[in-house]
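Thank you all for coming. Before I say anything, please take a moment to look at the sequence and the model on the screen.

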Amino acid sequence: MYNVRCTKYNVKWYADFRIKITKKQPYSTFCPKLVFTHVVMENSTMTDSQEIKLAQTQNPVLDIIRKRWSARSFKPQAISQQELDTLFEAASWAPSSMNEQPWMYLYALNGSPAFEAISNTLSPGNQPWAKNAAVLIASLARRTHANNGMINKYAWYDTGSANQNLLLQAASLGILGHVMGGFHYDKATEVLQLPEEIELVCLIALGYNDVPENLEEPFRTREITPRSRRTLDTFVFQDTLNP
Ligand SMILES: Cc1cc2nc3c(=O)[nH]c(=O)nc-3n(C[C@H](O)[C@H](O)[C@H](O)COP(=O)(O)O)c2cc1C
């Protein structure tokens, strides 16, 4: 993977070197007046993991969907308040049933007592790496509708949509997130002092990706294992589930 820089228009994007050699067309699509004398190759800033984790898809999906993945190795680099605000705003633009927006986020920065307390609720499979994240986020959902107090059965669905917006926006900023369901639920709700009507959906570790060598096993191997997905024929059906 290389960074490609168009010197004439001062724009920059990632490109796969092999694609550049065989297909020149995509670059002129990004930058219509681009001629190749204005393109220079720079050394990649992507970690090995980021290259390995890039989704190899059967169909042309959005680049940012290919780039998002659940990282475990995090740099000791803070995420700015502006970046966090951008992520939470991205989350807020998710669709929700009756525009209820039942999601809430409670976050803590690495180094704070709140971060330490949340980190201590994580399962042994998560704590060793998540304690190095820049931010830990508790993804919360309001169980009931604000106007009538009735149970909102779409609260978790909507919160999941918001989380995915957040993760994709993060990936676009070079920040990787890792959703975690592995934590001590009772301990976490106590630490977060959640009222009855607010449910803890999951925790999310966020940070800038570091090299896999910083992780101990088995996490190191997971950091460099390619991602895989079921093929469409196993979960997409037309007309009936029982052809
Ligand atoms: C609700 C939920 C809970 C998860 N819990 C954990 C967890 O506790 N620990 C972990 O390492 N990964 C966890 N994951 C991450 C998944 O393992 C990961 O998304 C999946 O393997 C696909 O990998 P990818 O996100 O890199 O594409 C969780 C993901 C979701 C959506």
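This is a predicted model: local features need pLDDT of at least 70, side-chain atom pairs count only at pLDDT 80 or more; totals for chains, interfaces and linings use all residues.

Residues are numbered from 1 along each chain as its sequence is written.

The protein chain has 10 helices and 7 strands, where helices (H or I, at least four residues) and strands (E, at least two) are DSSP runs, numbered from the N terminus. Of its 243 residues, 25% count as buried, which requires 20 or more other C-beta atoms within 10 Å of the residue's own, with C-beta atoms placed from the backbone.

Let us turn to the core. In soluble globular proteins, nonpolar side chains tend to be buried together. Here the largest nonpolar core has 36 residues, and such a core is a set of buried Ala, Val, Leu, Ile, Met, Phe, Trp, Tyr and Cys residues joined through C-beta atoms within 7 Å. Among those with the most contacts inside this core are Ala-133, Val-135 and Leu-206, a contact being two C-beta atoms, placed from the backbone, that lie within 7 Å. Beyond its neighbours within four places in sequence, Ala-133 touches residues including Phe-74 and Leu-206.

How are the strands β5 and β7 paired, parallel or antiparallel? They run in the antiparallel sense over 8 bridges, given that two strands pair if DSSP finds at least two bridges between them, and Val-135 has Leu-206 in β7 as its bridge partner. β6 and β7 also pair in the antiparallel sense, over 6 bridges, with Met-180 standing opposite Leu-203 in β7.

Next comes the helix α8, which has 18 residues and reaches 26 Å from its first C-alpha to its last, close to the 26 Å expected at 1.5 Å a residue, where the expected span is 1.5 Å times one less than the number of residues. Its buried residues include Ala-155, Leu-166 and Leu-167, and what covers the buried residues of α8 includes α5, β5, β6 and β7. After α8 comes Gly-174, whose phi is positive, near 80 degrees.

Finally, the ligand. The residues around it include Trp-69, Met-180, Cys-202 and Arg-227, each with its C-beta atom, placed from the backbone, within 6 Å of the ligand. By class, this shell has 4 nonpolar, 5 polar and 1 charged residues, with Ala, Val, Leu, Ile, Met, Phe, Trp, Tyr, Cys and Pro counted as nonpolar, Asp, Glu, Lys and Arg as charged, and the others, Gly among them, as polar.

Technical notes:
A residue is buried if 20 or more other C-beta atoms lie within 10 Å of its own, exposed if 12 or fewer, and partly exposed in between; C-beta atoms are placed from the backbone.
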